[in-house]
Amino acid sequence: MAGRINDDDVRAVRDAVPIDAVVSEYLQLRGAGGGNLKGLCPFHDEKSPSFQVSPSKGLYYCFGCQEGGDTVDFVMKIDHLSFAETIERLASQAGITLRYEEGGYTPGRQQGERTRLVEAHKAAAQFYVEQLDGTEAEIGRKFLAERGFDQAAAQHFGVGYSPAGWDHLVRFLRGRGFTDQELILSGLAQESRRNPIDRFRGRLMWPIRDITGEVVGFGARKLRDDDNGPKYLNTPETPLYKKSHVLYGIDLAKKDIAKTSRAVVVEGYTDVMACHLAGVTTAIATCGTSFGGDHIKILRRLLMDNASAEVVFTFDGDAAGQKAALRAFEDDQKFAAETYIAITPGGMDPCELRLAEGDGAVKALVDSRTQLFEFAIRQIIARHNLDTAVGRAAALEEAAPVVAGIKNSSIQHESAVHLAGLLGILDTQFVVRRVSQLARWARERGRGQGGDQRGRGDQRGRPGGPGGDGGPRGQRGGPEGQPAPAVPRGPALNLRSPAHRVERELLKLALQRPELVSPAFDAYGVDEFTAPPYAAVRRTIEDAGGATGADGDYLARVRDTAPDDTVRAMVTELAVEPLHIRREADEAYAGVQLVAVRLAAVNQRVTEVRGALQRLGQQADPAHLAAVQNELWVLQQYGQSLRDRGAAAL
């Protein structure tokens, strides 16, 4: 049985790793005011950033999809790790040695599966790097040198060499305590008739890292004629490695991609190396697969969907390159960024171009980019005979939807005029009208299918949202990963209504600035919060010990006390959402919220008591009637005092 990680060590890990440092490994963050940061949510598609991070509280929350939590929750969700694996990874980053209970810690037995596979890849990468210096690897060093890569370049990218024998790596990793099952599961070894053998043998090795810099796979290049395998051999699909989810060089390029708002997509490992060495440090490449939707999501989070951002694809000018460019254009609308293409001259790839003409030529290639839609239009037109009316009409019908799909309306109009000229159609306005018509139909079709709901603002009032009658968010799942039981859906609950706004603001203060509302807040009853989700949060704060004397573990304690994921998500949301005040919140502002919530509760009770009096009538027991009348008088006096004296009357 795996040992349980010591609770004190878990707390130390949570405190040691800042949430903004972890999140920024995956997406670009910008200031959101009030000390918070914002970015594009990595858990759902959106066009405007609704994902917020609060470094001071160690929490994140997305106001679009309602995902939220602390550093551990973020890493668990984005990398699909168990709790133990997440703590182990963060502890490694922070240099914290973990203690394990229930019999102590046995390396290799008690670590999570993913952690073990990552460590195996890290050890393998170092093994391959060391082998590159050996006599057998002379052919690999020659391959690199012929392409303009010296020893420093190889070291920078972690390039190594896999020995030609059957099981050199297997024996090395066994000596490090890894089991045969782990080696096969990792993709570093493969089964044979007797014992596992190395998957990669006699090849030049490129470590493939994820966006955080962890080695998750390898790309291996054939070096010898007697190697009957493919030219490039990649790690197979494993629990660590999904080729559609990784971009080679992203760990090195991510900061410059975010900084310059430009990403350059090339086709191979050596092309990435050549670009980076030439000064194009935003270059990345896919790993044995075409550029697809999951790759786009990675880049969008780094580019922050800035409309002025650029994604530049480099392709050879041959037929295969043109086909790849048109395939890339099919995904153009998935970017907010403008997409471009840079055609390498003479069929050379960036690596060959650097070798032939130097670093400046690689930079010039990227700078000479052409907008991808223009390239696509020219490719379409080239397939038709423009000398005939039929050919011109066919070219227009195929090219017009491409122009209609251009995001920028002014560029769309200009391109429609340009298209008329390319086709030789004298009636320019006819082409412009046709493009406008297609663009309008596309917009109407999108609205008819529900449209793009991303970035549409608050939707928490919808049925099924995180509120009393709405049921749990997204069916997070019950024990052992089973689906959570369905919760009956009730009417929509608008948690942003004026009636509920002050309750929301007071709870935000109680979570974010408890010192401003204590001790008065702790005297408030759960029934003073009329929205069921807010009442649940109020009860959770009470169950966690209240807001008075809140310490450094206060927020974590409240989140841990929440009875379910729905309430926990609401706590996180309220802890991260900025207060509705431009200046720094103070006791006066807190007092206004305290009074507003209490006064609303008093007014509600006054209405109830008046109704009771009316129902009693004149035939009621005099003593009971007098008691109810007295309660009404007291409530009215208290309400007036709250209106006159404010927080002093609490």
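This is a predicted model: local features need pLDDT of at least 70, side-chain atom pairs count only at pLDDT 80 or more; totals for chains, interfaces and linings use all residues.

Reply: Residues are numbered from 1 along each chain as its sequence is written, and side-chain values use heavy atoms, with hydrogens and water left out.

Start with the setting. The chain has 26 helices and 16 strands; helices (H or I, at least four residues) and strands (E, at least two) are DSSP runs, numbered from the N terminus. Of its 650 residues, 48% count as buried. Buried means under 20% relative accessible area, exposed means over 50%, and partly exposed lies in between (1.4 Å probe, protein chains only).

Now the rings. A pair of aromatic rings is described by the distance of the centres and the angle of the planes. Rings of Phe, Tyr and Trp (its six-membered ring) pair if their centres lie within 6.5 Å; planes under 30 degrees apart count as stacked, over 60 as edge-to-face and the rest as tilted. A search of the whole structure finds 19 aromatic pairs.

One of them joins Tyr-61 and Phe-63, with 5.1 Å from centre to centre and 70 degrees between the planes, which is edge-to-face. Tyr-61 has 0% relative accessibility and counts as buried. Phe-63 is buried too, with a relative accessible area of 12%.

Another edge-to-face pair is Phe-291 with Phe-313, at 5.3 Å centre to centre and 85 degrees between the planes. Phe-291 lies in the loop between strand S13 (283-285) and helix H12 (293-303), and Phe-313 lies in strand S14 (residues 310-316), so this pair ties together parts that are 22 residues apart in sequence. Phe-291 is buried at a relative accessible area of 15%, and Phe-313 counts as buried at 1%.

Rings can also gather in a group: Tyr-26, Phe-43, Phe-51, Tyr-60 and Phe-74 form one aromatic cluster.

Finally, some rings have a charge over them. A charge sits over a ring if NZ of Lys or CZ of Arg is within 6 Å of the ring centre and within 35 degrees of the ring normal. The charged end of Arg-369 sits over the ring of Tyr-340, 5.1 Å from the ring centre. Arg-598 lies over the face of Tyr-524, at 4.1 Å from the centre of that ring.
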